[in-house]
Amino acid sequence: MGNPLRIKTLASAVGLALVGLTFQPSVQARAMVKSAAPAQSEAQQSYFINFAEAGLVSYRGGVEGLAATAPRATQSRRLDARSPAAVAYSEYLQSARLGHIAAIQGALGHDIAVTHHYGVTHNGIAADLTASEAAAIATMPGVVSVKLAGFEQLTTYRGPRFIGADTIWDGSNTPTHVGTKGEGIVAAILDGGTNSTHPSFANDTACGFSAANPKLAIKVDCHSTNAAGECTGTNPEANPGYGHGVHTSSTVAGNTIDNTVTPAPALPDGVTMSGVAPCATIHHYKVCATNTCASSAIKAGIDNAILDGADVLNFSISGGTSPWTDNDRGFLDAVDSDIFVAASAGNNTQTDPTVIGRVNHRGPWVMTVAASTQDQIIGPSLSITGPGTPPDEISGIPLNPGSTTPPSSTPNWTGKPVKSYPANIEGCTDSGGIASGAFTGSVAVLRRGTCAFTEKISNAYAAGAELVVIANNQPGSISMDTTGAPAVPAYSISSVVTGDALLAFLAANPSSATGNVDAIAVGYTQGDVLADFSYRGPTPGNLADLTKPDITGPGVDIYAATDPTSGQYEFMSGTSMSGPHVAGAAALVRAVQPDWTVTEVKSAMMTTTKTGGFQEDGTTPWNIDDVGSGRVDLTKAALAGFTMDESVANFIAANPSGGSINVKDLNLPALRNLNCTPDCSFTRKVTNRLSTSATWNTSFEATVGGIGATVSPASFTLAPGATQELTITVHPPYKTEMPAIGFGFIHFNEANGQSPQQHFSVAIKGTGGAEPEPDDVIFADGFDGTDVGSTPFTWQLDDGSYESAIGWTDEDGNIEYASLWLNRFSPDASDFPLLLENVEVMWPSNNTGSITGKQVTILVYFDADGDGDPSNAELLTSVSGVAGGIDTFQSFPVEVEVPSAGDVYIGFEDSWADGGFTPPLYPGALDTDSGTSNRAYIVANDSGDTPDKENLGANDYVETIEEASGNAFSGNWMIRGNGQASGGKRVELKN
């Protein structure tokens with residue numbers, strides 16, 4: 001086992017003051033060359049090749065002479081592999097595989113080494129191939145997908161894997177399926193000093209490092225330079241107790257290590273940790289001696305990083321609030337020298353807790369990084385074991401040690417008594433203190449609040465506690481200063497929900513509760529929660545039309561290397577820790593896409609982020625001013641189909657003090673205008689970076705404020721390397737003065753699944769004009785039936801009259817029934833399992849006043865028998881949202897997996913129509929030119945109550961629109977879905 005953990009929360013680490021420091025210069029020679037790394041070879045790796053035929057468990061028939069074998073199709077609970085039908089179909093699959101193998105070998109001109117055959121869950125093989133062979137096979141008829149088989153392994157240092165770095169390492173999410181860990185990439189670190197003998201920076205031969213080609217190729221102190229501008233300070237190592245720079249550099253590119261190295265990290269046996277790009281070379285520039293950093297040293301560090309040929313640069317230091325004149329201007333020179341710069345957004349402090357509008361590093365050329373949580377941490381944990389079967393949420397509770405809890409004091413206990421003190425749950429002296437002996441021999445659990453942590457710990461210790469835990473009483477993390485507390489291990493629990501559940505259990509079992517305390521364990525937390533300390537927008541002053549931060553990454557409880565005095569490894573929290581995750585991510589993207597410019601890399605990372613996450617309370621969705629485009633996602637970034645570039649000249653010209661262009665006109669994937677009245681337009685240019693022609697379709701999702709947007713052209717096709725100019729018009733809600741900034745996303749979906757979904761963020765504020773008259777044939781009132789032309793649909797808008805035709809109104813014309821509105825989709829069997837990522841709905845403009853700002857519940861059902869009757873469909877998920885898109889598709893994220901072949905029903909609940917609401921919320925646009933009609937359904941009750949969503953068969957009306965209207969209307973609702981099939985294929989559910 002490794003060393004005990006040392007915890008440090010650096011809530012103020014990014015706010016490092018820039019003060020002058022004086023050092024005596026000295027001369028230090030070093031190589032000023034870019035580190036060489038081994039070229040990626042065409043070595044063989046194991047690949048999965050999936051064929052088009054359904055496996056035994058999903059075959060529903062269709063091959064002449066062969067009966068269905070899928071259990072759901074045969075009305076069986078499990079597969080009967082010995083049945084005559086299964087035996088016959090298995091022989092058919094074997095013959096098909098042999099045919100595919102022969103075709104592959106014929107196309108390649110040689111035999112392949114097939115190691116496995118598969119025919120149950122799918123029809124396919126595993127074979128040893130080179131990357132070029134795999135790419136060639138992927139295009140062959142009958143081949144559904146080819147992907148690296150890879151290896152599974154345990155891991156606890158979660159950050160890199162949480163953002164998907166492992167899918168770059170193994171090649172599963174690179175265009176050529178060749179993996180990389182950052183070989184050949186140089187990562188520059190401007191920070192405190194290094195720890196050059198640490199195993200995180202040793203010469204790992206697996207990455208091609210050696211004494212002649214070292215991992216830590218450059219380590220210099222930039223507090224002085226020689227006449228040539230080379231950093232020549234006397235001590236590049238971290239000052240004792242100041243391991244910030246060691247931590248950030250090891251997070252960017254530290255080696256892959258486990259607890260067998262010396263000194264050993266506190267990891268369970270067999271578990272590894274690493275930086276995001278563990279095979280990248282490190283150039284380390286010491287620009288901070290302690291928690292203060294001289295601007296002179298920072299400037300020298302920037303110059304030296306440029307001279308030494310860095311590819312990415314991490315800067316976990318404050319500044320950049322005047323980006324055209326402060327250190328951010330130096331970073332523009334770095335960008336001009338082909339260096340990607342990640343800079344931390346900044347943190348608050350206990351003495352100055354304000355975070356709104358204080359974001360650092362406002363230069364539009366810098367990637368500014370907020371901090372959010374990952375879903376696992378390693379460290380001390382508490383698990384309640386009895387009496388009975390305690391709730392799951394009080395097992396494996398992560399414990400954050402107080403600032404004075406020594407590493408050696410974390411115990412390993414089994415069956416230890418655990419108690420609270422309900423008579424004074426906070427344990428403060430003024431509210432009664434704690435009775436003598438109340439906690440003798442026990443773990444004491446108190447609640448945060450009223451008095452200082454030290455007072456609570458002292459009172460619990462005096463009452464006999466052998467370990468003290470303080471549960472949070474408000475959203476956000478706890479930075480527990482325990483200075484002056486007695487020498488008893490003391491910890492906090494950040495999650496309010498978990499702490500409340502623990503206190504409730506202890507109150508119900510005051511004398512019998514027991515638990516285990518583990519010094520080293522895996523703790524599970526809610527991922528993608530904004531850190532309460534993270535600085536955020538809106539960007540103030542003359543940069544109000546620039547969105548910052550740009551992105552977020554893991555920055556809470558990050559375990560990485562540190563200096564010897566600090567224990568060699570420690571936890572730190574701050575945007576200082578999230579920045580290195582993004583710098584490491586950029587290193588991997590640059591390794592995969594070496595032809596992309598720095599700005600293109602930045603755009604690819606921003607347009608492929610995970611947009612769904614939460615503010616510090618864990619329930620309120622985060623917004624664009626919190627995290628920019630979203631959380632970095634390496635499962636998609638290197639696969640981005642289009643990128644966006646911008647010139648250094650334009651960045652310079654966007655200076656709000658005397659520049660010739662407005663910052664909002666820069667070619668960035670973030671659109672922002674806080675004076676958008678009655679509307680505002682943006683011009684953006686995107687370039688196809690795929691090797692083939694590609695077609696993108698656009699849609700808009702309003703997330704806050706009911707804003708609207710259109711893109712022209714709404715659909716576009718680009719040859720490889722071609723560029724498309726887009727005009728994007730955004731408007732506030734009609735006839736509305738916005739009280740706050742509204743947010744949304746423009747989504748880009750590549751029609752043939754060659755690219756992950758990409759997006760632009762949108763942020764506006766203003767006063768909306770009058771609603772435009774419907775002056776085009778697409779959205780004219782009534783059923784005009786006019787074809788749009790280039791679109792594949794005839795769009796028609798109902799004027800609401802069908803409600804009386806199907807009995808949906810009472811004799812006074814009021815809406816009588818609340819309803820569910822569903823479309824039925826039948827994807828190909830090869831598309832399963834299907835990850836449905838979002839649902840799109842269109843509402844008509846004649847209902848604008850009723851729709852905008854209303855709550856809507858999106859529904860996704862699965863019906864395995866595919867019989868066209870949704871009565872027995874299973875509800876997979878329901879997601880709440882706000883209706884805002886008018887006469888355009890509004891997108892709602894769902895993120896749900898559809899398990900196997902069958903019908904998918906997608907729709908929404910008209911939850912406020914009940915009680916005479918006029919008019920209803922309904923998908924007023926019908927598609928009658930799709931070639932597949934009779935797939936739109938209405939679900940309602942005679943009673944007028946909201947339908948039973950869980951059991952559609954319990955409702956009185958489960959009818960197609962044709963049935964409900966007496967065949968007066970046909971077609972399908974404008975409800976769609978988009979997602980990803982097995983193997984990464986994009987799937988669009990359209991009728």
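In what order do the seven strands of the open sheet with parallel pairing stand? The order is S6-S7-S5-S8-S9-S10-S19. Strands (E, at least two residues) and helices (H or I, at least four) are DSSP runs numbered from the N terminus, and two strands pair if DSSP finds at least two bridges between them.

Before you click on, note that this is a predicted model, in which local features need pLDDT of at least 70, side-chain atom pairs count only at pLDDT 80 or more, and totals for chains, interfaces and linings use all residues. Residues are numbered from 1 along each chain as its sequence is written, and side-chain values use heavy atoms, with hydrogens and water left out.

**Stop 1**

Next, pick 186-191 and 312-315: S5 and S8 run parallel and are joined by four bridges. Isoleucine 189 has asparagine 314 in S8 as its bridge partner.

Contact means heavy atoms within 4.5 Å.

**Stop 1: two helices side by side**

Show 295-307 and 327-336. Helices H6 and H7 pack at an angle of about 5 degrees, with their axes 10 Å apart. That makes H6 roughly parallel to H7 (angles under 35 degrees count as roughly parallel, over 145 as roughly antiparallel, 65 to 115 as roughly perpendicular and the rest as oblique). On the H6 side, look for Ser295, Ile298, Ile302 and Ile306; H7 brings Asn327, Gly330, Phe331, Asp333 and Ala334.

**Stop 2: the antiparallel sheet**

Move to the open sheet of four strands, ordered S2-S3-S1-S4 with antiparallel pairing. Its edge strands are S2 (113-118) and S4 (143-148), each pairing on one side only. Select 45-54 and 122-129 to see S1 and S3, which run antiparallel and are joined by seven bridges. Within S3, isoleucine 125 is the bridge partner of isoleucine 49. Finish with 84-108, helix H1, which packs on this sheet and touches S1, S2 and S3.

Conventions: Axes are lines fitted to C-alpha atoms, for helices over the stretch in contact, and angles run from 0 to 180 degrees between N-to-C directions.
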